[in-house]
Amino acid sequence: MAARSREDLMGQFEYDHLDLLQNMEIVIVEAHRSNADVTDFDVTDALDALTRQYSAEELGRQPSVISLDPRAQAVYQNVRQICEWRLGRIPDKEMDPPDSMADIVSALRRIIKSVGRWSGRGGKRGYLDFVKNYLP
């Protein structure tokens, strides 16, 4: 049996956009470290709101007004700042070419899927407990 490559194990999108996913997950964990009451549900709420916002923008529609719990709002703000930076909307002379809106939305959806998987296995902070072990 041949050894599987990292790309095979992660999936093509995850392999190609590992830095984007890690940028998002780092600031999610930062929100949790700042407030231990943050749960996977808060993360899902925040990422779902961002997904709706950026999907609407990609389609040229006006995003709906989003009302979030303060814990989810903290996650939302952290991740939104990363998204805006990765879209090239926050100037950075050393940044690689910006990501596309489609890549941002796909990354958000993949993290939402991961949150669901790890919450199912580890409870209301299953994802946060899992991911914080792999990030600085």
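1. Where is the place of aspartate 45? Aspartate 45 sits in helix H4. Keep in mind throughout that this is a predicted model.

2. Staying with that residue: is aspartate 45 buried, partly exposed or exposed? Its relative accessible area comes out at 26%. Buried would need under 20% and exposed over 50%, so aspartate 45 falls in between and counts as partly exposed. Once its neighbours within four places in sequence are set aside, aspartate 45 is in contact with Leu68 and Ala72. As for methionine 24, it lies 21 residues from aspartate 45 along the chain, and 15 Å separates the two C-alpha atoms.

3. Now the overall fold. Among the contacts with a separation of 6 or more, 71% are between residues 24 or more positions apart.

4. On dimensions, a compact globule of 136 residues would have a radius of gyration near 14 Å, and the protein chain, at 15 Å, agrees with that. The C-alpha trace spans about 50 × 35 × 25 Å along its principal axes.

5. Surface and burial next. Of the 136 residues, 38% count as buried. The accessible surface of the protein chain is about 8100 Å², and carbon and sulfur atoms hold 49% of that area.

6. What about the inside? The largest nonpolar core has 34 residues, and Met24, Ile28, Val43, Tyr54, Val79 and Leu108 are those with the most contacts inside it. Two or more residues of this core come from each of helix H3 (18-34), helix H4 (40-58), helix H5 (70-86), helix H6 (101-122) and helix H7 (126-131).

7. Which residues does leucine 108 touch, not counting those up to four places away in sequence? Leucine 108 touches Met24, Leu47, Leu50, Thr51, Tyr54, Val79 and Cys83.

8. One residue I would flag is glutamate 25, found in helix H3. Glutamate 25 is buried yet has no salt bridge. Arginine 117 is the nearest side chain of opposite charge, and it is 8.2 Å away; a salt bridge would need the charged atoms within 4 Å. Not counting residues up to four places away in sequence, glutamate 25 touches Ile111, Tyr127, Val131 and Leu135.

Note on methods: Residues are numbered from 1 along each chain as its sequence is written. This is a predicted model: local features need pLDDT of at least 70, side-chain atom pairs count only at pLDDT 80 or more; totals for chains, interfaces and linings use all residues. Side-chain values use heavy atoms; hydrogens and water are left out. A nonpolar core is a set of buried Ala, Val, Leu, Ile, Met, Phe, Trp, Tyr and Cys residues joined through side-chain atoms within 4.5 Å. Buried means under 20% relative accessible area, exposed over 50%, partly exposed in between (1.4 Å probe, protein chains only). Helices (H or I, at least four residues) and strands (E, at least two) are DSSP runs, numbered from the N terminus. Contact means heavy atoms within 4.5 Å. Lys and Arg count as positive and Asp and Glu as negative; His and the chain ends are not counted. The radius of gyration is taken over C-alpha atoms; the globule rule is 2.2 Å times the number of residues to the power 0.38. Accessible areas come from the Shrake-Rupley method with a 1.4 Å probe; for residues, only the protein chains shown count as cover.
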